[in-house]
Amino acid sequence: MVHNFILPEEHIIEYLNHPQWAIRNLLPRKLDPLDTFNEVAAVTLALIGFQHVSRVGEIRGHSALLSALVERWRLETHTFHLPVGEVAMTLEDVSYILSLPINGEAITGRSDSSHQFLVENCIACFGRELGSQDHMLGKVNLAWVRRCRDTEPCDTQEFVERYVQAHIFCVLGTVVFPDKSTTSLNSKFLSLLRDFHRISGYSWGQPIWHTYTDRCVVLHDTTVKR
């Protein structure tokens, strides 16, 4: 595979249909269709800022396009060099695409994968205690979180808040900050959801932008080292 983006004739786009190189394209993570949510919680989700991102729709990756785009990423400027000029993702783009706040309290805190952390935060967020089969290595079973969410009656403000907390936890782990796992969610976000009234005050867009930049660097390094 050739990686010199300066020479058009050697760019990966010229080889995307070649059987030898097609299987070496970067493969995006397969995402399940996004969760729907109870319309009773729609107003609350909108007030917090998570209604739009909950309706983004199913993400379908194009592996060949992803490979070609990553090869145009320049570490020196953190931009994509295209024939039409340089392109960069900005915080404004994050705000327009996901409608998540980019101003507010910074998302910080220490990671804790202890059982006590999981138990305390799950009780605080969902009003339920994890079973032995509902967590592993600091991650919470996605199916369990969905059951907690979908069994909330949403007939009081407390239940609506619990429903919204569970739904946002699913959105954070499957859409906003996805990882390789398709069955579990990283527990590090739980502490951010404990205080329901602080959720809307966080700058959720800032870490998304930083995560995007970091992933471009990793993908670029992975591609050029093949």
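How many bridges join strand β5 (residues 139-141) to β6? Three bridges join these strands, which run antiparallel.

This is a predicted model, in which local features need pLDDT of at least 70 and side-chain atom pairs count only at pLDDT 80 or more, while totals for chains, interfaces and linings use all residues. Residues are numbered from 1 along each chain as its sequence is written, and side-chain values use heavy atoms, with hydrogens and water left out.

**Sheets**

Helices (H or I, at least four residues) and strands (E, at least two) are DSSP runs, numbered from the N terminus. Two strands pair if DSSP finds at least two bridges between them. Strands β4, β5 and β6 form an open antiparallel sheet in the order β4-β5-β6. Its edge strands, β4 (135-136) and β6 (184-186), each pair on one side only. Within this sheet, Lys139 stands opposite Asn186 in β6.

Another open sheet has three strands in the order β1-β2-β3, again with antiparallel pairing. Here β1 (73-74) and β3 (85-87) stand at the edges with a single partner strand each, so one side of each lacks a neighbour in the sheet. Leu82 stands opposite Gly85 in β3.

| Strand pair | Sense | Bridges |
|---|---|---|
| β2 (residues 79-82) and β3 | antiparallel | three bridges |
| β5 (residues 139-141) and β6 | antiparallel | three bridges |

**Helix α6 and its surroundings**

Helix α6 lies across β5 and β6 and runs at about 60 degrees to β5. Axes are lines fitted to C-alpha atoms, for helices over the stretch in contact, and angles run from 0 to 180 degrees between N-to-C directions. The axes of α6 (residues 142-150) and α7 (residues 157-176) come within 8 Å and cross at roughly 150 degrees. That makes α6 roughly antiparallel to α7 (angles over 145 degrees).

Contact means heavy atoms within 4.5 Å. On the α6 side, Leu142, Val145, Arg146, Arg149 and Asp150 meet Tyr163, Ala166, His167, Phe169, Cys170 and Thr174 of α7. By class, this contact has six nonpolar, two polar and three charged residues (Ala, Val, Leu, Ile, Met, Phe, Trp, Tyr, Cys and Pro count as nonpolar, Asp, Glu, Lys and Arg as charged, and the others, Gly among them, as polar).

**Aromatic pairs**

The whole structure holds five aromatic pairs (ring centres of Phe, Tyr or the six-membered ring of Trp within 6.5 Å). In one of them, the rings of Phe126 and Trp144 have centres 5.9 Å apart and planes at 70 degrees, so the pair is edge-to-face (planes over 60 degrees apart). Phe126 lies in helix α5 (residues 115-126) and Trp144 in α6, so the pair ties together parts that are 18 residues apart in sequence.

Terms used
Parallel < 35°, antiparallel > 145°, perpendicular 65-115°, else oblique. Phe/Tyr/Trp six-rings, centres within 6.5 Å; stacked < 30°, edge-to-face > 60°.
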